[in-house]
Amino acid sequence: ESQADRIVDSADTTFSYPTDAAETPSDYSSKFTKEAEAMAKKANDPDFVPAVRKLADKYGITVNEIYAVINGENRDWSWNTTNKLGYKGLFQIGETPAAEAGIDYANITNMTPTQQVEAYDKYLERWDYDGSVPLALMQAAPSLAKRLKGKPDSTVVYTQSDDAWAANPNWRSNNKTGPITLGSLKSYYQ
């Protein structure tokens with residue numbers, strides 16, 4: 001039985017993110033906006049924040065959803081970093097996904113933050129992202145996104161027998177001992 005076949009099937013529901021207008025200064029988003037602006041300044045990349053806005057507008061999501069993915073993948077907002085598993089840049093893109101999306105993996109850490117947003121758009125396009133599923137799911141399990149569209153937060157994405165479960169303890173439910181669910185992914189990337 002494949003990992004995709006183990007996904008818990010459940011009733012169809014509709015998922016939507018809050019609009020920017022519904023977000024308040026006390027939301028996590030204000031911290032991410034400050035982080036984004038500080039990183040753009042440090043990188044001398046004034047086009048970064050507008051590029052994120054453009055990407056958000058393209059997919060009908062909030063800029064803060066994109067910032068939440070960056071923060072979840074790269075807590076220090078370092079655009080020129082490679083982690084110990086070889087994932088690179090703000091969005092921590094791996095070699096295989098980069099190749100599939102036509103992204104120059106070898107040069108991700110040499111790209112500006114704005115160029116990395118453009119590369120992430122290629123990644124989302126490769127998986128036919130349309131904004132109708134949480135961006136967290138596109139980050140963690142893009143090949144399952146269509147199948148999981150409209151599923152409730154309790155839907156299991158990865159079980160303890162999956163490599164992703166072992167590699168990503170912060171994605172897990174139940175105090176990091178349960179399966180990785182759609183809800184636990186959304187909680188991590190917020």
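Q: How much space lies in the largest pocket, and what makes a set of grid points a pocket?
A: The largest pocket holds about 820 Å³ of space. On a 1 Å grid over the protein atoms alone, a pocket is an open set of points with protein on both sides within 12 Å along at least five of seven lines, whereas a cavity is a set where a 1.4 Å probe fits but cannot get out. Points are joined across faces, edges and corners, and the volume is the space filled by probe spheres set on them. The model is predicted: local features need pLDDT of at least 70 and side-chain atom pairs count only at pLDDT 80 or more, while totals for chains, interfaces and linings use all residues. Residues are numbered from 1 along each chain as its sequence is written, and side-chain values use heavy atoms, with hydrogens and water left out.

Q: Which residues lie nearest the centre of the largest pocket, and what makes a residue part of the lining?
A: A lining residue has an atom within 4 Å of a point. The lining comprises 32 residues, and Glu73, Tyr87, Gln92, Asn168 and Trp171 lie nearest the centre. Two or more residues each come from helix 3 (63-73), helix 4 (95-101), helix 5 (113-126), helix 6 (135-140) and helix 8 (163-167); helix 4 gives the largest share, three residues. Helices here are DSSP runs (H or I, at least four residues), as are strands (E, at least two), numbered from the N terminus.

Q: How are the lining residues of the largest pocket divided by class?
A: The lining has 19 nonpolar, 10 polar and three charged residues. Ala, Val, Leu, Ile, Met, Phe, Trp, Tyr, Cys and Pro count as nonpolar, Asp, Glu, Lys and Arg as charged, and the others, Gly among them, as polar.

Q: Why is helix 3 described as largely enclosed by the rest of the structure?
A: Helix 3 is so described because 10 of its 11 residues are buried. Buried means under 20% relative accessible area, exposed over 50%, and partly exposed in between (1.4 Å probe, protein chains only). Among the buried residues of helix 3 are Val63, Ile66 and Gly72.

Q: Why is Ser173 called buried?
A: Its relative accessible area is 13%, so Ser173 counts as buried. Ser173 is placed in the loop between helix 8 and strand 2 (180-181). Not counting residues up to four places away in sequence, Ser173 touches Gly178, Pro179, Thr181 and Ser184, where contact means heavy atoms within 4.5 Å.

Q: What makes the pairing of Lys58 and Asp121 a salt bridge?
A: A salt bridge needs a side-chain nitrogen of Lys or Arg within 4 Å of a carboxyl oxygen of Asp or Glu. The N to O distance between Lys58 and Asp121 is 2.9 Å, and the pair is therefore a salt bridge. Lys58 belongs to helix 2 (residues 48-59) and Asp121 to helix 5, 63 residues apart. With a relative accessible area of 16%, Asp121 is buried, whereas Lys58, at 45%, is partly exposed.

Q: Why does the pair of Glu125 and Lys58 tie together separate parts of the sequence?
A: The side chains of Glu125 and Lys58 form a salt bridge at 2.5 Å, N to O. Because Glu125 lies in helix 5 and Lys58 in helix 2, the pair joins parts that are 67 residues apart in sequence. Glu125 is partly exposed, with a relative accessible area of 42%.
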